[in-house]
Amino acid sequence: MVPPDAGGGLMRGDLLSDPVEGLDEALAVVDAFDEALVAGLLRPGPAQAAGVSGLAGAVAGTPLAARVAEAAEKAAAGTGGEDHFVALAAARSALLGSVHDALVQRIDEAVGRPVEGDETAGPEPVAAAPEEAANLLAAARSWLCDLARGGWRGLDHELVAGAAPVVAAMLPEPGMRRRAALLDGFAAELAASCPGATLERVPVRRWADLWSRALLLTVPGSAGAGAVGTVTGRLLPLGVDVQEHATAVQAQVHAVLEPAGGGAPRLVRASVSAPKPDTVVGAGLWQLLRPRMSLLGAVGEGRSAEVEAMPVTAEGDLLWDDALARTGEPADAFATARVMLSAATAARVEPLDRHPVRIAVPVLLEGYAARDGEAGLAFEVAGRLLAVDTDRMPAAGPLLPEAVAASHACVGLLRWDAGEFLLQPLAVETTVRKKTVAVHAGAWAGGTSDKAGVRAEKAATDAVAVLRERAGRLLRT
């Protein structure tokens, strides 16, 4: 979508609209298995048995074949045990992993970007994390298997409450908090939907995703070793993706890392999250996040960051430590994208993280025409349309759909959802009074003089002050 010599961006827009061979068939198998979980596998009917057997058939030519075939036979007969459910979850994950890989390969072909391989010199290794408590993992696995037997239509408060003691025991253990957070959030969502028999609509794919991921994370060692090395160099931010829920918020900075001493640039991410009251919204979110990560200040000021021995995971996620970073020179996201983005290597994704929903590839688009139709905003390049997901743009920044529609260049995240590729804008270049102006979703991350942003921050400050004062009263009584 930009000329091949422009430095970065989509090179073959046609590849993003052409069908991917085998993708629909793989997703159909996953859908059939997910439907089997709706009614539960305690007394499966013919349709459920067919859904489970279809999953076994889809992995028949893989190393999982024998274990999944046995698991499918037992589950279809209503006698599935914990090991059988784990095998079925693994098969489902592998199938969605194949979908993920096919889509990422298509993106790599379109973008022309290298992928980090075995021949690439990796970061300096660090010690592996200790093994987790097996009894807590077994307790979580038992609860998840009970869910599979009862099914989403069989949900009741007694069944869902079985997660509470497991989560309570996991939370004090640092190595178990990832699982605890997943189980706690999943259980809370199920509890809000009880009784399952009266649900008008079951979020079939979502709950099956959460169930299978949680179940696989009960296998000892499945959560990974955390940081696998350290990196040193210059960090050039591309943009910020903000994910907000009623009680939590996360900002994820996508950036290009220039390693010290030379070497190929790398695509990396740095994330920070915080709990929040539901009254803190919009630009007020930055007040909760700024104290936890100095990088947000650099992003807001349009600067780079220098990192020294910063821990990093195999997937390119920096485990941010302010003590290991300092603010650097001014750095323009569009200049970084034009010069370095297409040459930056992307880290390979760990097996359990291979899922279409996890796809978020930084890209640069130029030379497009915005089209606003019934299906929403889209960018047209060489006769091809790429849908623009403006719903993902945060209210915590000045980037609005109007600016995106009037833009002529865009740095964004290429995602895949509901059967098509989507672009989530992180920043755009538009023309204001004959001058090119850049508008960033994370422009207010380090503070703002924008009137709307100032009002939102003041409202958030007042809300937090009131909550703290009320909390103080409760503690005194």
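The count of disulfides is zero, where a disulfide is a pair of cysteine sulfur atoms within 2.5 Å. The model is predicted, so local features need pLDDT of at least 70 and side-chain atom pairs pLDDT 80 or more, while totals for chains, interfaces and linings use all residues. Residues are numbered from 1 along each chain as its sequence is written, and side-chain values use heavy atoms, without hydrogens or water.

C145 is buried at a relative accessible area of 0%. C410 is buried too, at 0%. Buried means under 20% relative accessible area, exposed over 50%, and partly exposed in between (1.4 Å probe, protein chains only).

Next, the nonpolar interior. A nonpolar core is a set of buried Ala, Val, Leu, Ile, Met, Phe, Trp, Tyr and Cys residues joined through side-chain atoms within 4.5 Å. The largest one has 91 residues, and L88, L147, W152, F186 and W211 have the most contacts inside it. Helix 5 supplies the largest share of this core, 13 residues. Helices (H or I, at least four residues) and strands (E, at least two) are DSSP runs numbered from the N terminus. A second, separate core holds 34 residues, including V280, M293, L295 and M310. L147 touches W152, L155, L159, F186, L190 and W211, leaving aside residues up to four places away in sequence. Contact here means heavy atoms within 4.5 Å.

Helix 5 (residues 82–111) also carries R106. R106 is buried, at 13% relative accessibility. A polar atom of its side chain lies 3.0 Å from the backbone oxygen of D18. R106 touches L15, D18, P19, V20 and F421, again not counting residues up to four places away in sequence.

Now the charged pairs. The whole structure has 23 salt bridges, each a side-chain nitrogen of Lys or Arg within 4 Å of a carboxyl oxygen of Asp or Glu. R205 and D34 form one of them (3.6 Å, N to O). R205 sits in helix 10 (residues 204–216) and D34 in helix 2 (residues 23–39), 171 residues apart. R205 is partly exposed at 30%, whereas D34 is buried at 1%. Both belong to a salt-bridge network of D31, D34, R92, R205 and D209.

E315 and R358 form another salt bridge (3.8 Å, N to O). E315 lies in the loop between strand 5 (303–312) and strand 6 (317–318), and R358 in the loop between helix 13 (333–340) and strand 8 (361–366), so the pair ties together parts 43 residues apart in sequence. E315 is buried at 10%; R358 is partly exposed at 39%.

Methods. A polar contact is a pair of N or O atoms within 3.5 Å; within protein, one must be able to donate a hydrogen and the other to accept it, and residues adjacent in sequence count only if both atoms are side-chain atoms.
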